[in-house]
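Open the model in your viewer and keep the selection tool at hand. The stops below say what to select and what is there.

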Amino acid sequence: MLLFLVVGISAASAQTPAPTLSANFRNADFRSAIAFLEKNYSISFSFDDDAVEGVRVTANFRNFELPDAMKRLLKGTGLGFEIIDNQYVLIKKLDAKSNDTPPIPKFQIPNFQLSLCGTIFDAETNEPLPGAVAYIKNTPHGTATGTDGKFALEGNFTKDDSLIISFLGYKQQAYIVRPLLVKNCQDYRLKVDVMNIPDVLIQDFATDMIKLADEGGFHFDKQKMPTLPGWGEPDVLRSLQLLPGISAADESGSRLNVRGGTPDQNLVLLDGIPIYHTGHFFGLYDAFNPFIVDEVDVWRGNFGAEFGGRNSSVIDIAAKQGYGTKTNWGIGMNLLSLQGYVDIPLKKDRVSLLFAFRRSYIDGLQSTAYKNFFDQIFQNGKIALQEQAVNDSKFVTWNPAISFGDANLKLRWKGKKTAENALSFYNTNDQLDYLFAYDDSTFFTETEDIIAASNFGMSWQHSANWSPVFKIKYSAALSAYKNDYTFIWNEEDRLRPFIYRYTTNNSMGELNINLHHDWQLNDLNKLSFGYQLKAQEASLVFRDTNTVTHIGNLSTNDTVRTGLHTFYAEYAFQATEKLDFMLGIRENIFPKRGLNYAEPRLSFNWFPFGKKAEGSNFRLKGGLGRYWQFVFQIIDFGDLGVGEPLWALADENIPAQELWQTTFGLSMESKTALLDMEIYRKKNRNLTSRNLRLENSFDRGFNFDGESTAIGFDFLLRKRWHNFSTWLAYSLGEVQTQFPELNSGQPFPARHDVRHRLNWVNTFSWKKWEFAANWNLRSGTPYSIPSVVQKPCPDCIADTLTYALAFDQLNTARLPGSIRLDLSATWKWKKRRNHGKVGLAIYNFTNRRNLLDKDYLLETPALDQPQTSYNLKELYRLAAGATPSIFVLSEW
């Protein structure tokens with residue numbers, strides 16, 4: 001009884017607004033009329049074939065509510081109807097004495113029992129759905145399916161009652177009992193429910209984790225994310241790298257380059273909170289607990305007017321949504337971290353509280369995975385070079401300690417009628433504490449490098465349907481990012497804290513308020529509009545202290561504050577049955593500076609052969625837009641070779657970055673196959689060379705007169721069979737940058753210019769096992785070849801000149817391409833109160849030596865020695881070799 005009470009409450013809470021219908025039928029076959037309505041409106045019909053045999057209808061209605069439209073359609077046919085949840089219509093034959101639609105029949109106890117049975121499947125994968133619910137509407141009779149998807153019902157219900165088939169995340173279906181009794185045990189196939197996903201066209205991707213969307217976007221369902229080949233547990237930002245046009249030039253997990261853009265050009269949101277620190281372990285992992293991520297929407301450009309402030313992409317992550325009836329909790333671990341969550345229903349189906357955490361334990365246990373990825377990250381920097389001293393002397397202490405963690409708290413509650421509310425808190429942090437010392441009791445020297453990066457955020461989100469055609473989404477968010485670097489040096493006196501200390505303190509704070517509205521003007525026109533308020537503050541402080549002389553020096557103290565008002569609107573209209581457009585405008589206003597930045601946007605979709613509810617759809621698509629960005633990163637890791645970028649804001653002296661982007665493409669899709677192709681061109685200006693990945697010894701100015709041009713082609717092909725899928729993603733691209741003060745003012749390839757990239761993903765499921773493999777091929781990144789020149793040396797004692805590296809031309813050479821095979825095998829279990837998975841993933845299974853970067857180190861004699869020779873070393877940074885990872889996820 002409790003199960004069906006819960007089902008009833010869930011069904012009531014999932015009521016959708018009643019659609020308005022328009023049609024003109026003249027002596028039309030009843031089945032043809034129903035097919036037209038199902039194709040053009042979000043409603044489904046169920047009826048007894050014998051009852052509608054030979055029925056023809058004549059009806060004309062425009063913008064009628066569903067009940068009124070059905071009365072007009074069925075008038076004089078001898079048929080009646082029952083509406084369930086504003087989207088399911090049961091057609092019934094009326095008694096001979098009745099001329100009008102009867103009321104919903106009340107439950108009456110007959111003098112005999114009826115029985116039904118069947119199997120419930122996923123309509124697209126044809127896999128059985130254990131735990132799905134089958135019940136008779138308005139009665140106490142119901143049950144849930146077993147592990148094989150089968151159910152059986154027996155009880156006192158009538159032939160005119162309704163059988164409801166439902167499962168969380170799928171569209172509910174309703175059937176009249178009478179025709180089901182002819183063939184008692186039938187198969188029922190449920191389709192994925194895609195309600196409330198704006199502007200997203202749903203098609204399945206390999207294992208159903210991703211859906212193709214308009215405007216170059218994709219929708220991810222975390223619950224269906226498979227085990228990532230080579231990685232194991234779901235990782236949102238690494239999953240995105242399986243798509244064409246999205247990659248990480250440095251092979252990290254979170255520093256994404258989207259269609260030739262830089263990582264700071266990606267807007268990453270978690271429940272509306274802008275995230276500035278997106279990765280753990282210096283970008284190896286993303287900073288989002290896999291337990292709490294529910295859905296992800298990503299746009300590779302051409303995003304709507306609702307989003308702004310970044311030029312390359314939008315990654316919109318939603319933490320766990322919905323409401324439960326019982327407490328759920330889970331724990332998981334891999335070779336680097338431990339994570340867990342608990343989701344508590346404070347009030348059944350109305351209020352839920354989620355808490356989640358993740359914490360590394362590599363500071364206590366250093367696994368093979370840790371060592372391999374550690375070497376990949378720290379090669380060629382001070383930490384790797386000084387590690388060699390450990391083998392040379394027993395008096396050396398070399399101790400890099402790394403830790404990371406994140407925590408989430410989310411309160412969700414229902415308001416009146418359709419109102420939904422959420423209050424979210426998020427915190428993430430990373431720390432590196434590297435100690436290097438030499439102490440032989442006679443001589444003592446010690447250095448310590450400390451990096452501490454964190455991001456705290458909180459948000460309030462509210463959504464409601466003010467009417468069937470007018471919806472609102474209001475939110476407010478706060479984000480606070482901190483990045484502190486400290487270098488400490490001491491020698492001779494062990495009791496003294498330090499001789500010299502240098503610190504860099506960077507912070508970025510943001511407060512934003514968003515008021516968004518959707519107005520469905522009619523069946524063919526939709527208007528979205530809103531207002532956004534954003535207040536930001538960026539601070540960058542450099543200081544050093546000498547405890548011997550007691551002199552402190554504040555070399556830089558730069559704080560920028562901005563206030564931005566944004567008004568936007570977007571108009572979507574269907575010009576014909578085959579062509580639809582979307583026009584958008586976004587106006588950014590800085591009242592303090594008297595500046596405004598306009599962002600016009602346009603996109604279209606043309607279906608030359610018409611839109612089809614079933615079968616193959618062929619579509620031509622395109623977009624054009626202007627984008628402004630008011631934040632940027634400064635990359636300066638010094639001799640440590642690793643760190644977190646510094647965030648800064650545009651101000652009176654630093655112009656905002658401007659981007660124009662054009663895309664054009666086509667797609668052809670069906671239930672089991674997808675072909676998608678797009679070409680793009682991006683023109684960016686007002687870039688800074690402080691954001692370039694250049695050689696460590698290269699001297700960069702602080703200018704903002706750079707430009708970049710990115711052109712490319714993205715290709716996606718997917719095919720799926722019953723338990724096997726294959727996924728091919730190929731990107732062809734070129735990124736050219738140009739700065740007047742660099743490379744003699746001539747264009748040169750960006751360091752993230754990867755011309756070719758291919759991912760071939762295959763997944764195979766068998767019983768409780770899931771196997772996945774990914775071939776990753778990419779061309780090499782460019783690098784610069786230096787020359788050795790002489791330069792004045794005022795600190796030299798024996799000479800006036802010394803040797804240095806000079807880069808006359810930038811990025812004229814390229815590294816060889818890389819090939820990597822990643823594998824994974826996962827075993828899943830599902831019991832009555834517990835489900836989960838355990839698996840093994842192997843990164844770079846063939847242990848291939850893939851080059852990620854190349855740098856040069858120039859060694860010269862000591863300053864008190866003659867500067868007559870030098871030694872030029874080539875330093876190579878290799879990707880991790882074969883790296884196994886074991887992972888376990890279990891939920892109750």
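Begin with residues 1-16, where pLDDT stays under 50. This is a predicted model, and for this stretch it has 25 contacts beyond four places in sequence. Next select residues 96-111, where the pLDDT is also below 50. This second stretch has 25 contacts beyond near neighbours in sequence.

**Aromatic rings**

The whole structure contains 35 aromatic pairs. Select Phe573 and Phe581. Why does this pair count as stacked? The ring centres are 5.6 Å apart and the planes of Phe573 and Phe581 stand at 20 degrees, so the pair falls in the stacked class, for which the planes must be under 30 degrees apart. Phe573 is partly exposed, at 22% relative accessibility. Phe581 is partly exposed as well, with a relative accessible area of 27%.

Then select Phe282, Phe374, Phe378, Trp398 and Tyr434 together; ring pairs link these residues into a cluster.

**Charges over rings**

Select Phe590 and Arg593. Arg593 lies over the face of Phe590, 4.7 Å from the ring centre. Go on to Trp721, where Lys719 lies over the ring face at 5.7 Å from the centre.

**Salt bridges**

Side chains of opposite charge can pair when their charged atoms come close. The structure holds 31 salt bridges. Select Lys683 and Glu707, whose side chains meet in one of them, at 3.4 Å from N to O. Which parts of the chain does this pair link? Lys683 is in strand β39 (residues 673-687) and Glu707 is in strand β40 (residues 706-720), 24 residues apart. Lys683 is partly exposed, with a relative accessible area of 32%, and the value for Glu707, also partly exposed, is 32%.

Move to Arg755 and Glu734, which form a salt bridge at 3.5 Å, N to O. Arg755 sits in the loop between β42 (748-749) and β43 (756-766), while Glu734 belongs to strand β41 (residues 724-738); the two are 21 residues apart. Arg755 counts as partly exposed at 25% relative accessibility, and Glu734 does at 27%.

Now select Arg820 and Asp822, joined by a salt bridge of 2.9 Å, N to O. Are these two residues buried or exposed? Both Arg820 and Asp822 are buried.

For the last stop, select Arg259, Arg300, Lys621, Asp676, Glu678 and Asp714. Salt bridges link these residues in a network.

Technical notes
Residues numbered from 1 in each chain as written. Predicted model: local features only at pLDDT ≥ 70, side-chain atom pairs only at ≥ 80, totals over all residues. Heavy atoms only, no water. pLDDT = per-residue confidence, 0-100. Contact = heavy atoms within 4.5 Å. Phe/Tyr/Trp six-rings, centres within 6.5 Å; stacked < 30°, edge-to-face > 60°. Buried < 20%, exposed > 50% of the residue type's maximum accessible area, 1.4 Å probe, protein only. Lys NZ or Arg CZ within 6 Å of the ring centre and 35° of its normal. Salt bridge = Lys/Arg side-chain N within 4 Å of Asp/Glu carboxyl O. Helix = DSSP H or I, 4+ residues; strand = E, 2+ residues; numbered from the N terminus.
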